[in-house]
Amino acid sequence: MKHLILGAVSALVLGAGAAIASDYPTKEIQGIIQWGAGGSTDTVMRSVTPHAEKVLGGTVVMQNMTGAVGAIALNHVAGSAADGYTLLMGAENPMLYKIMGLGDKDYGEFEPISILARGTPVLVAGPDAPFDDYAGMMDYIKANPGELRMGATGPGGLPSVITAMINTVEGELDVIAVPYDGDGPALTALQGGAIDVMPAVLGAAIEGIRAGKMKPLAIFDVAPNAKLPDAPIVTSFNAGYETFLPWGPFFGVFTPKGTPADVSAKLGDAYGQAVQNPEFLELMDNRGFTVMGISGDEAQAFLSKWQQGTAWLLHDAGLTKTSPEEFGIARPGE
Amino acid sequence: MMEALIAFLTVFTQPELLLLVGLGTFAGVYVGAIPGLSVTMAVSILISFTFAWDVYPAISLMIGIYMGGVYGGSRTAILLNIPGAPSAIATALDGYPMAKRGEAGTAIGVTTVMSFLGGFLGIGVLALAAPMVSDFALKFQPRDYMLLAILGILLVGSLSSGSLLKGIFAGALGIAVGAVGRDPLTFTKRFTFDLQIMEGGISFIAVMIGMFGVSEALLQLHHVGQPAIRQKISRIVPSLATVKKHLPLSLQTSSIGVIIGALPGTGGDIAALMAYDHAKRVTKDPEREFGDGAMEGLVAPETANNAAVGGAFIPMMTLGIPGDAVTAIMIGALFIHGLNPGPMLMIDKPDMFWFIVGALVMANIFMLIFGLTGIKLFTKIVEMPRAVLIPLIMLLSIVGAYAVNNSINDVYWMLGFGFFGYFMRHYGYPLGPVILGVILSRLLDENWRRAIISEREDLGRFFEGIVTSPLSLVLFIAVILIFVSQTPLWGWAKARVLGEQKVAPK
């Protein structure tokens, strides 16, 4: 009996000890991936997490939870306990949910554990397009108003942001925007000739470009990309883009607000080390992603800046449902 | 050429890979047989599980699961009238009536051999004509996908036994159910009634499990006291004559499977339904009526859905474009394993292509072996007393519906559609068209909008596009012909032109 009580007491002490972060993690961590299996968010998360698990000394069970452009996964994690055992693995678009009328929560309800990597947008054309670069495309649009078919992926997606940028810098373009489910199906349609041009993340288009199935018209960045050194940068055609660039989608791991600071720090450190793993670096490099691995205040600052710039760009282009002001998103530079 | 052969034989010469393909196929048959546990889910779990492995073993296991799973869906379709996977919906239409007559063994035997045949034809096309087929698949424009979806919706006629009007109602209901939720193109809410749970849409797997599983269980409650049907399992492997007889049909339906499988955005489910419809149209005098246990009704969908596996790999291997949901995940897996799936993969790493072809061949052979063994055990399921079987069906349905998205909402939807489906059956409404509508709803909706937006919302330009493109024109004429052939006008015109006085009884 005495032993039993002693055992119970020690178990209790141990149990209480488990709440202290130095022991974290004491059980399986749930990783909720906002997008479907096989997509870029999915592949990035599934390839970085095993390296983070090694540093953490725990297991992260990853699960895809799709639907409502990622809002279902976001709401699920936002509603779970802030103990570091439920992670949200997502991309950039929740930052636009509020202004696009897609949901009432965004990463403001979360703490960034780590912003893993960001992508570079590129404007690509089909192999048979009657132009070879950005300037040629602009001339073609002027000569053939309302004829060019440009792929889109719905409000708030990368193509909508890039199109808003082009419209802001060059003045309203007379093109047809054809909506697709995602950049994968749109790039397929591009190769089949159903659309003429498509703004996409470099990683999704790079293999098609390498094989000569797509033409890179312009890279949306301020400096040439190491993966495609010959592709022209858009600022070389119009310096007006410098206001908005560099801009790109990103991937990040988040926990609900209120997670113990030492748990967040431990997770941030684990993912920070994981992104530096040579295998992961090579994987990201192959797909033209830029590895970041930032956490804490640095990540928070990155998120705020990203949200300000993108939200106001979309708002000024008339694409938002609600003004960013309503949600306290200040205009960049204010 | 020599290198290609060595890569092709890799899987046959390494016992470890052989074992993994076998293990995968075995697991796949059972995963496929349980409604709600899908191949897509199994393969995505495997990505994490095999992360640290080499690429060959990881791919071997996934291919095994894929091949086995597509086949496994037919098991519960035949035995319980509950398709284990969407691609087995058509299999249930004639498979279950066979089981009800005590011929489950024969049905499973034919299904297995025909799946094997279809699988091989699909792999053959992948190995020999992949670049050609993928070029063809790329030619499909939004308007062609739209025409394909309309062609699919015309299957309502084939899937409704009894009143066509009730069939049309069921199909329309399915299309409406498929439209619920945030519209995928503009994210506008449709039919959501401002309810949070409607926003994500209604999982079509949940609808399928409810309509087939729960409603079947409820229907069985009517005869809970009746003794179960004794299954005779004297002959499992179909005779050579049977196989020979159905060979022409299976070649046609396999071709349907390969093409539909190779098209990005359509998979084995649509292929199997289209093949079933094709069989119904070309089979002049079946030994038994379709819907009453016609052998052709098993041959067509089962060859097509397994041929679609090889088909789905065609755009994946040649272009890095997924042919269906499973190949989409496999592309992710290749990427994680340091390969760059895309148009250059075949050029940079031809050995990977031939290895996959080899693994598919092996998985297909394993499928035949596992399919033809253990049938006795499986048929015991239907011989169970109903008091045991009905709760078991309910349990499987609930677990399956929950497992799709780990969401309790899906279970509610499933139960709701189950009760609804029971009353639909009761009043003679066919359930097949509902599922058909849900499957095709998005394909039709999205591609119609894309097609008309691409033409600046100008109907004139839209029809000009249809008549000037050979592919669209062929599909358009097919739609018109099939539509007309289902109206009384057809019989009337036929009688006038051929001078026959008697219209054949339908």
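**View 1. G95(B) sits in helix α5 of chain B, residues 89–100.** Helices (H or I, at least four residues) and strands (E, at least two) are DSSP runs, numbered from the N terminus. The model is predicted: local features need pLDDT of at least 70, side-chain atom pairs count only at pLDDT 80 or more, and totals for chains, interfaces and linings use all residues. Residues are numbered from 1 along each chain as its sequence is written, while chains are lettered from A and ligands numbered from 1 in the order in which they are written. Is G95(B) buried or exposed? G95(B) has 30 other C-beta atoms within 10 Å, so it counts as buried. The cut-offs are 20 or more other C-beta atoms within 10 Å for buried, 12 or fewer for exposed, and partly exposed in between, with C-beta atoms placed from the backbone. Leaving aside neighbours within four places in sequence, G95(B) contacts S74(B), A77(B), I78(B), A107(B), T111(B) and L298(B). Contact means C-beta atoms, placed from the backbone, within 7 Å. I108(B) is 13 residues from G95(B) along the chain, and their C-alpha atoms are separated by 8.2 Å.

**View 2. Helix α6 of chain B, residues 104–138, carries a kink.** The bend is about 95 degrees at A129(B), shortly before the proline P131(B). This angle is taken between axes fitted to the seven residues ending at a residue and the seven starting there. A straight helix of 35 residues would span 51 Å at 1.5 Å a residue. The end C-alpha atoms of α6(B) span only 41 Å. Of the 35 residues in α6(B), 27 are buried.

View 3. Expected span is 1.5 Å times one less than the number of residues. Eleven of the twelve residues of α7(B) are buried; among them are R143(B), D144(B), Y145(B) and M146(B). The cover includes α8 (156–159), α9 (164–178), α13 (268–282), α21 (432–454), α22 (459–468) and α23 (470–485) of chain B.

**View 4. An open sheet of six strands in chain A runs in the order β2-β1-β3-β10-β4-β11.** Its pairing is mixed. Two strands pair if DSSP finds at least two bridges between them. β2 (60–64) and β11 (290–294) of chain A are the edge strands; each has a single partner, so one side of each lacks a neighbour in the sheet. Neighbouring strands are turned by 25 degrees against each other on average, direction ignored. β1(A), residues 29–33, pairs with β2(A) in the parallel sense over five bridges. I33(A) has N64(A) in β2(A) as its bridge partner.

**View 5. Strand β9 of chain A, residues 215–219, is mostly covered.** Five of its five residues are buried. β5(A), residues 121–125, pairs with β9(A) in the antiparallel sense over four bridges. The bridge partner of A125(A) in β9(A) is K215(A).

**View 6. Chains A and B meet through 36 residues from chain A and 40 residues from chain B.** On the side of chain A that touches chain B, α2(A) gives the most, with five residues.

Conventions: Axes are lines fitted to C-alpha atoms, for helices over the stretch in contact, and angles run from 0 to 180 degrees between N-to-C directions. Two residues are in contact if their C-beta atoms, placed from the backbone, lie within 7 Å.
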